[in-house]
Amino acid sequence: MQALMIVPAGDLRRDAAHVLVHLRLPVQLTLAPLYLWGVFGAAGRWSAATVGGFVVVHVFLYGGTTLYNSCYDRDVGPIAGIARPVALPSWALGFSLTWQVAGAVLALLISPAFAALYAVYATAGLLYSHPRWRLKARPYVSAALIFSIQGLGGFLAGWLASGRTALPLADGCFWLMALMAAGTILGLYPLTQVYQIDEDAARGDRTLAMVLGPAGSFAFAIAILGLAGLAGVWAMVRLGRPLDGVVLLAGYAVLIALTIGIGRRFARAPLRANFRRLVALQFTAGAACTAFIVLQFLHHQ
């Protein structure tokens, strides 16, 4: 009788730790402003539904789709949030799907509309990463997905979890806020790929950063971030908060200035240095946007 294979406890702990690393939960928090901005736009207050929705989106949805992507990418060079990617166990792919399904069940507790948005995002994540479709390797399609599913979708998740009590879809301010969220994510998107160009090319992917090139990626980021900032300022003015609009404008000006500075040094700098600077930019942008939105909540009280 064939003996059952038993995985040593030490190996299981190591594999579980590797899976946890590839959920990249700290990186998912850089996307928190999307959700928080949606909550503010909908009602400007927190509830059990908005807190639960935050966990569902950032831990289960973002974490699960990121792990799923890592299972197919098998990166060895730096990726967003991980300087030296660790190897994943064979069960990681199945776990990533199970993790997302668990999140979908929890999403139903928020609302049917919230769960439907969750399902659309998870499906887009599958199409983005799986070798059969591999939308990640289609630069303009992937950019459209990032804008619509990750950017607008992240904003809508917060809006839906809040019950949509303040800004309706027909309100122009809703779309200005949504454009700020989606535009910011789209602007930063090629900067998350620009230090992976060689590895993506070796894998056969054709990413947006590859098409634009390093210089084009930074120019794209600067232009889109500028438009996103203007949309946000216009939204603040329409909400009757012009001084907050000035603060927002200053914040985007600093973000663009930092992006220009990194872009000027990119060609001469080593890969690891570029990686550290761009990851720091991502975390700085996320923290600054979160702080601004928290101030909006406080002013709303």
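Start with the lining of the largest pocket, whose residues divide into 10 nonpolar, two polar and no charged. Here Ala, Val, Leu, Ile, Met, Phe, Trp, Tyr, Cys and Pro count as nonpolar, Asp, Glu, Lys and Arg as charged, and the others, Gly among them, as polar. This is a predicted model, where local features need pLDDT of at least 70 and side-chain atom pairs count only at pLDDT 80 or more, while totals for chains, interfaces and linings use all residues. Residues are numbered from 1 along each chain as its sequence is written, and side-chain values use heavy atoms, without hydrogens or water.

**Stop 1: the pocket.** Select Val-247, Leu-248, Gly-251, Tyr-252, Val-254, Leu-255, Leu-258, Thr-284, Ala-285, Ala-288, Cys-289 and Phe-292 to show the lining of the largest pocket. On a 1 Å grid over the protein atoms alone, a pocket is an open set of points with protein on both sides within 12 Å along at least five of seven lines; a cavity is a set where a 1.4 Å probe fits but cannot get out, and lining residues have an atom within 4 Å of a point. Which helix gives the largest share of this lining? It is H11, with seven residues.

**Stop 2: the second largest cavity.** Now select Val-57, Leu-61, Tyr-62, Phe-114, Leu-117, Tyr-118, Tyr-121, Gly-153, Gly-154 and Ala-157, which line the second largest cavity. Their classes are eight nonpolar, two polar and no charged. H6 gives the most to this lining, with four residues. Helices here are DSSP runs (H or I, at least four residues), numbered from the N terminus.

**Stop 3: the largest cavity.** Next, pick Leu-31, Ile-146, Gln-150, Tyr-189 and Thr-192, which lie nearest the centre of the largest cavity among its 41 lining residues. That lining has 23 nonpolar, 14 polar and four charged residues.

**Stop 4: Trp-37.** Select Trp-37 and look around. Beyond its neighbours within four places in sequence, Trp-37 is in contact (heavy atoms within 4.5 Å) with residues including Phe-155, Met-177, Met-236 and Gln-296. Ring pairs also link Trp-37 into a cluster with Tyr-35, Phe-40, Trp-46, Phe-54, Phe-292 and Phe-297.

**Stop 5: a ring pair.** The whole structure holds 16 aromatic pairs, meaning rings of Phe, Tyr and Trp (its six-membered ring) with centres within 6.5 Å; planes under 30 degrees apart count as stacked, over 60 as edge-to-face and the rest as tilted. Select Phe-60 and Trp-99: their ring centres are 4.5 Å apart and their planes at 25°, so this pair is stacked. Phe-60 lies in helix H4 and Trp-99 in helix H5, so the pair ties together parts that are 39 residues apart in sequence.

Conventions: Helices (H or I, at least four residues) and strands (E, at least two) are DSSP runs, numbered from the N terminus.
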